[in-house]
Amino acid sequence: MYTNPVTEQDPTIAATYHDGRWIPTGRNLTTREVAATQERLAKQVERINGLRALSPEAKRIAIAKAYREARDQIASAKQAVLDHVTSERNRLSRKLFGYEGEADPNTVIVRRDAADRAAKLTEPHEAQRALDRAMVNGDMHLAQAIAGHAQAHMWTDVVSSYLVARPEAGEAAQQLNELPDPNDAVWSIQHAITYSVVQPQELGGMSDYQVDALADTVLDGDAAA
C-alpha cells in the first residue's frame, strides 16, 4: 500500500510506517550469501545438465548432491544468524535487566528473593506500582528484577519507566530494540524464507529426506553413462 523509500535507498534497513511517514527501526539481515549460493547452484545444475556423458538418472543424482550442499550451507548460515541474535539479546538483557559478573552469597540471596517477588506480578499496573516503590526505596535489585519480568511479558510501559530512570542504559536498550525477536512468529517465518534455497525443478519438489536418499545413491558404471 505504501512505498517504503527507506528500503528503496538501502534494502538492509528495516522501517515501519507510522503517522504518515516511514521510520527506520533497525537493519534487516543480509541475504547476499543466500543469493550467491542460489546463483552458484543454478550454474552447477546448468553444467550438470550439459554433461552428455551422464545418464538422466546420474544427472538427477548429481543435482541432488549439489542442492543438498547448498541447502545445508544456507541452513548453517540460518542457524548462525539465529544463534548470534539470541546471544546478543541475552547479553543485552542481562546488562539491562539481569546481573553481570560474580556476586557474594548475600547478594545472590537478595537477587533470588527479588526475582521471586517480581515473578508474582501478573498485571502491568501491579508491576508499575512495585517498580515505583522499589525505585523510591533505592532497591535496585528488585527494580531490575521487575523490569526483567516486564520485558519478558512485553509490558513496554513498565520497561520504559525503568529505562528512563537509568539513562546510562540507553545505548544497550536501543541495541536490544534494534535486534529481531526470535520468538516473534512473523520474524521466524521471514527468517525461514530468507534463508532458504529454491530446489531445482529437476528434483520435482522432493522432500529433504528423498533428496538425501537420491544424493546418496550409487550407480553401477553402466547405469551412470
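Leaving out neighbours within four places in sequence, Ile146 is in contact (heavy atoms within 4.5 Å) with Ala118, Leu121, Ala127, Ala130, Leu131 and Val158. The structure is a predicted model, in which local features need pLDDT of at least 70 and side-chain atom pairs count only at pLDDT 80 or more, while totals for chains, interfaces and linings use all residues. Residues are numbered from 1 along each chain as its sequence is written, and side-chain values use heavy atoms, with hydrogens and water left out.

Ile146 is also one of the residues with the most contacts inside the largest nonpolar core, together with Leu96, Phe97, Val158, Tyr162 and Leu163. This core has 25 residues. A nonpolar core is a set of buried Ala, Val, Leu, Ile, Met, Phe, Trp, Tyr and Cys residues joined through side-chain atoms within 4.5 Å. Buried means under 20% relative accessible area, exposed means over 50%, and partly exposed lies in between (1.4 Å probe, protein chains only). Two or more residues of the core come from each of α3, α4 (105-119), α5 (124-136), α6 (140-152), α7 (156-164) and α8 (170-178). Helix α6 gives the most, with 6 residues. Apart from this core lies another, of 21 residues, including Leu41, Ala64, Ala66 and Ala77. In soluble globular proteins, nonpolar side chains tend to be buried together.

One of the residues in contact with Ile146 is Ala130, which is placed in helix α5. Ala130 has 9% relative accessibility and therefore counts as buried. Beyond four places in sequence, Ala130 is in contact with Leu121 and Ile146. Ala130 and Val158 are 28 residues apart along the chain, and their C-alpha atoms are separated by 10.0 Å.

Ala64, from the core of 21 residues, lies in helix α3. Its relative accessibility is 0%, so Ala64 counts as buried. Not counting residues up to four places away in sequence, Ala64 touches Leu203, Val211, Leu214 and Ala215. Ala64 and Gln210 are 146 residues apart in sequence, yet 9.3 Å apart in space, C-alpha to C-alpha.

Helix α3 (residues 56-97) also packs against helix α2 (residues 32-49): their axes come within 10 Å and cross at roughly 175 degrees. Axes are lines fitted to C-alpha atoms, for helices over the stretch in contact, and angles run from 0 to 180 degrees between N-to-C directions. Angles under 35 degrees count as roughly parallel, over 145 as roughly antiparallel, 65 to 115 as roughly perpendicular and the rest as oblique. Helices α2 and α3 are therefore roughly antiparallel to each other. Among the residues of α2 that meet α3 are Val34, Leu41, Val45 and Ile48; on the α3 side, those that meet α2 include Ile63, Ala66, Tyr67 and Ile74. By class, this contact has 11 nonpolar, 4 polar and 3 charged residues (Ala, Val, Leu, Ile, Met, Phe, Trp, Tyr, Cys and Pro count as nonpolar, Asp, Glu, Lys and Arg as charged, and the others, Gly among them, as polar).

Met154 is placed in the loop between α6 and α7. Met154 is not a glycine, but has a positive phi of about 60 degrees. At 65% relative accessibility, Met154 counts as exposed.

Over the chain, the secondary structure comes to 11 helices and 2 strands. Helices (H or I, at least four residues) and strands (E, at least two) are DSSP runs, numbered from the N terminus. Of the 225 residues, 32% count as buried. Among contacts with a separation of 6 or more, 67% join residues 24 or more positions apart.
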